[in-house]
Amino acid sequence: MKPLRTFLVEDNPVISRHLVSTLQELSPVQVIGQARSESQAVAWLMQPPPCDLMIIDIVLASGSGLGVLQAARDCASPMHRVVLTNHATPALRQRCLALGAQKVFDKSSDLEALIAWCGE
């Protein structure tokens, strides 16, 4: 299976390192770039290299993953977008899906589900 070229939006460097190593080891994912804030992620969206998947946290160093989802939807990129957050409430899940996320995963309980989803 061809690796999913993935862009990660995550502000916590420890989580980011762990997530990158786990995804690249256990699923067909190749992380091609990262952003720690909404503005960095949106800037990347304005001149994107080819990408298949964007994994977005909601709470960022500055800005919000909701703004990243909105910008990704507005630029009409064909990439898949999923949210990985500690705040996966029913209301937030609905909001993310309305903004174009294909799936919302909870960091504390859904990492295996994210890995499986990436392998589909």
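This is a predicted model: local features need pLDDT of at least 70, side-chain atom pairs count only at pLDDT 80 or more; totals for chains, interfaces and linings use all residues.
**Overall build**

The protein has five helices and five strands. Along the sequence they follow the pattern β-α-β-α-β-α-β-α-β-α. The radius of gyration is 13 Å, close to the 14 Å that the globule rule gives for 120 residues, so the protein is as compact as a globular protein of that length. The C-alpha trace spans about 30 × 30 × 25 Å along its principal axes.

Of the 120 residues, 48% count as buried. The accessible surface comes to about 6100 Å². Carbon and sulfur atoms supply 55% of that surface.

**Salt bridges**

The count comes to four salt bridges.

| Pair | N to O distance |
|---|---|
| Arg-5 and Asp-52 | 2.8 Å |
| Glu-10 and Lys-107 | 2.7 Å |
| Asp-110 and Arg-93 | 3.8 Å |

What does the bridge between Arg-5 and Asp-52 tie together? The side chains of Arg-5 and Asp-52 meet at 2.8 Å. Arg-5 lies in strand S1 (residues 4-9), and Asp-52 sits in the loop between helix H2 (38-46) and strand S3 (53-56), so the pair ties together parts that are 47 residues apart in sequence. Arg-5 is partly exposed, at 23% relative accessibility.

Next comes the pair of Glu-10 and Lys-107, with closest N and O atoms 2.7 Å apart. Glu-10 belongs to the loop between S1 and helix H1 (13-26), while Lys-107 belongs to the loop between strand S5 (103-106) and helix H5 (111-118), so this bridge ties together parts that are 97 residues apart in sequence. Are these two residues buried or exposed? Glu-10 is buried, with a relative accessible area of 4%. Lys-107 is buried too, at 17%.

Asp-110 pairs with Arg-93 at 3.8 Å. Asp-110 lies in the loop between S5 and H5, and Arg-93 lies in helix H4 (residues 90-98), so the pair ties together parts that are 17 residues apart in sequence. Asp-110 is buried, with a relative accessible area of 18%. Arg-93 is partly exposed at 28%. Elsewhere, salt bridges that share partners join Glu-10, Asp-57 and Lys-107 into one network.

**Arg-81, a buried charge without a salt bridge**

Arg-81 lies in strand S4 (residues 80-85). Arg-81 is buried yet has no salt bridge. Which side chain of opposite charge is nearest to Arg-81? The answer is Asp-74, 9.0 Å away.

What does the side chain of Arg-81 reach? It reaches the backbone oxygen of Met-79, at 3.1 Å.

Leaving aside residues up to four places away in sequence, Arg-81 touches several others. Among them are Leu-53, Met-54, Ile-56, Leu-69 and Ala-72. Arg-81 also touches Arg-73, Gly-100, Ala-101, Gln-102 and Lys-103.

Key
Residues are numbered from 1 along each chain as its sequence is written. Side-chain values use heavy atoms; hydrogens and water are left out. Helices (H or I, at least four residues) and strands (E, at least two) are DSSP runs, numbered from the N terminus. Buried means under 20% relative accessible area, exposed over 50%, partly exposed in between (1.4 Å probe, protein chains only). Lys and Arg count as positive and Asp and Glu as negative; His and the chain ends are not counted. A polar contact is a pair of N or O atoms within 3.5 Å; within protein, one must be able to donate a hydrogen and the other to accept it, and residues adjacent in sequence count only if both atoms are side-chain atoms. Contact means heavy atoms within 4.5 Å. The radius of gyration is taken over C-alpha atoms; the globule rule is 2.2 Å times the number of residues to the power 0.38. Accessible areas come from the Shrake-Rupley method with a 1.4 Å probe; for residues, only the protein chains shown count as cover.
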